[in-house]
Amino acid sequence: MEPYRIKVVEPLALTTREQREEALKRVDYNLFDLRADEVTIDLLSDSGTGAISAAQLAAGMEGDESYAGSRSFYRFHKTVTELTGFPHILPAHQGRAAERILFSTLLEPGGIVLANTHFDTTRANVELSGCQAHDLPCPEAKDLDSEQPFKGNIDLDALRTWLEGPDASRVRVVVMTITNNGGGGQPVSMENLKATAALCRRHGVPMILDAARFAENAWLVTRHEAAYAGHTPRQVAEEAFRLADGCVMSAKKDAIVHIGGFIGLNDPVLAEKCERLLIATEGFATYGGLAGRDLDMMAVGLLEVTEPSYLAERAEVAAHLAGRVRAAGVDILEPPGLHALYLNAGRLLPHIPPHNYPGHALACRLYLEGGIRSAELGSLYLGEEDEDGNPIKSAPYELVRLALPRRVYTRSHYDHVGRTLEKIAKDAGSVHGFKIVEQSPILRHFRAKLRPVTG
């Protein structure tokens, strides 16, 4: 059972199929543009969508809104330094702000950034800095059906080749995302993290953690890595942070808050440069664009998130939904993680070619049939076409992410998702693809306008 009881409730938006059909037309079939009151079950993101606890709300009431040196900052700073071990902590309003500040300071045009897998905004911040982003997922990640527990690992042989190859001098940083969101929410083992850290130290390249889901990664390590079977998630997390030279974190994930993030660094010179940019663009160094109450709620959330009872329930909810999805006849990226399930839309809809976006097609049908909003992670996100619409590059897999907000939906809500998928799977041949009629040159999936492909 859930290790909490529900104290405040919010009514769901209940709409008709006709209303949802009209809504899709109005937003040019881009689910990001739907109004929240048109969505019944919102699985678009787990970022900033969780339910805060009574303890977090109480901490927010103690927020000190002083412009500089607030008590809230020092409470936040103490909590983060005890968790991470980094002496230099800079708050930011969310993870992508932390990435922008760090990469603008650390990177120079022509540089290379290596990662187990870059997520969309991370890749965008790398490329906006004039650098190249290269993904080095481990070989096991290529098999979506495999039950291998650490498919979020980086490919150590590929990393070694880069660090010892002709472009080694251009490699500025290695980013390890835990868990690996762009790689299907799969965890990174401590063995892989240690080996990566050792390679980076040997070649003088900093290793930075994207720690948005550090606690979920730690939980999966305690479940599947024999050397850590007797450890608590908190102990694993502390060790992981201390392997790195720094971190960026979107606290909207594993600090269970609606806004917030931070940069943690060992290097005082780099930290000072980041602080100057932070002050110029986000806010003073002791608030970083946040209210004092946000800093206090982050501090409490960072403690709550490593509680074994909380993480066990989160894993059980994900497993429950995974069971319902499989029973509906829809394959997922195995094994299921904690923050999201990734539906194999390419396998369910083989009649839709990649350049007609089967993942987006499934996401739209999920909304049409059940009022469920999700996110495509396929060729709409990663693909490229020429000016005539002919495909140049397709995604390796056509996926749909069902992100699970923290402490928000119950098992009966996820049962509704399973029933909706079952209905779709029984008539999968009727699902049609889409074409883009307008797009942005970067992060196109956020703002693209599309039309159905029929006939």
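## Gln-56 and its contacts

Leaving out residues up to four places away in sequence, Gln-56 touches Ala-255, Ile-256, Val-257, Met-297, Val-300, Gly-301, Glu-304 and Arg-407; contact means heavy atoms within 4.5 Å. The side chain of Gln-56 also reaches the backbone oxygen of Ala-255 at 3.4 Å. Gln-56 sits in helix H2 (residues 54-61), and helices here are DSSP runs of H or I with at least four residues, strands are runs of E with at least two, both numbered from the N terminus. With a relative accessible area of 0%, Gln-56 is buried (buried is under 20%, exposed over 50%, partly exposed in between, with a 1.4 Å probe and protein chains only). From Gln-56 to Thr-232 there are 176 residues in sequence and 22 Å in space, C-alpha to C-alpha.

## Basis of the model

This is a predicted model, in which local features need pLDDT of at least 70 and side-chain atom pairs count only at pLDDT 80 or more, while totals for chains, interfaces and linings use all residues. Residues are numbered from 1 along each chain as its sequence is written, and side-chain values use heavy atoms, with hydrogens and water left out.

Arg-406 lies in the loop between strand S14 (399-403) and helix H17 (411-426). Its relative accessibility is 1%, so Arg-406 counts as buried. The side chains of Arg-406 and Glu-216 are joined by a polar contact of 3.2 Å; such a contact is a pair of N or O atoms within 3.5 Å, where within protein one must be able to donate a hydrogen and the other to accept it, and residues adjacent in sequence count only if both atoms are side-chain atoms. Beyond its neighbours within four places in sequence, Arg-406 is in contact with residues including Asp-46, Arg-213, Glu-216, Lys-252, Asp-254, Ile-256, Tyr-310 and His-339.

Arg-407 is in the loop between S14 and H17. Arg-407 is not a glycine, yet has a positive phi of about 60°.

## Backbone exceptions

Most residues other than glycine have a negative phi, and most peptide bonds are trans. Ile-256 has a positive phi, near 55°. Ile-256 is found in the loop between helix H10 (251-254) and strand S8 (261-265), and is buried at 2% relative accessibility.

A cis peptide bond joins Ile-178 and Thr-179, with omega about -10°. Thr-179 is in the loop between strand S5 (171-177) and helix H7 (190-202). Another cis peptide bond links Glu-334 and Pro-335, with omega about -15°; Pro-335 lies in the loop between H13 and strand S9 (340-344).

## Glu-307

Glu-307 occupies the loop between helix H12 (292-304) and helix H13 (308-327). At 43% relative accessibility, Glu-307 is partly exposed. Glu-307 and Ala-215 are 92 residues apart along the chain, and their C-alpha atoms are separated by 9.0 Å.

## The whole protein

The secondary structure comes to 18 helices and 16 strands. The radius of gyration is 21 Å, close to the 23 Å that the globule rule gives for 455 residues, so the protein is as compact as a globular protein of that length; the radius is taken over C-alpha atoms, and the rule is 2.2 Å times the number of residues to the power 0.38. Along the principal axes, the C-alpha atoms fill a box of roughly 60 × 55 × 45 Å.

Of the 455 residues, 57% count as buried. Among contacts between residues at least 6 apart in sequence, 72% join residues at least 24 apart.
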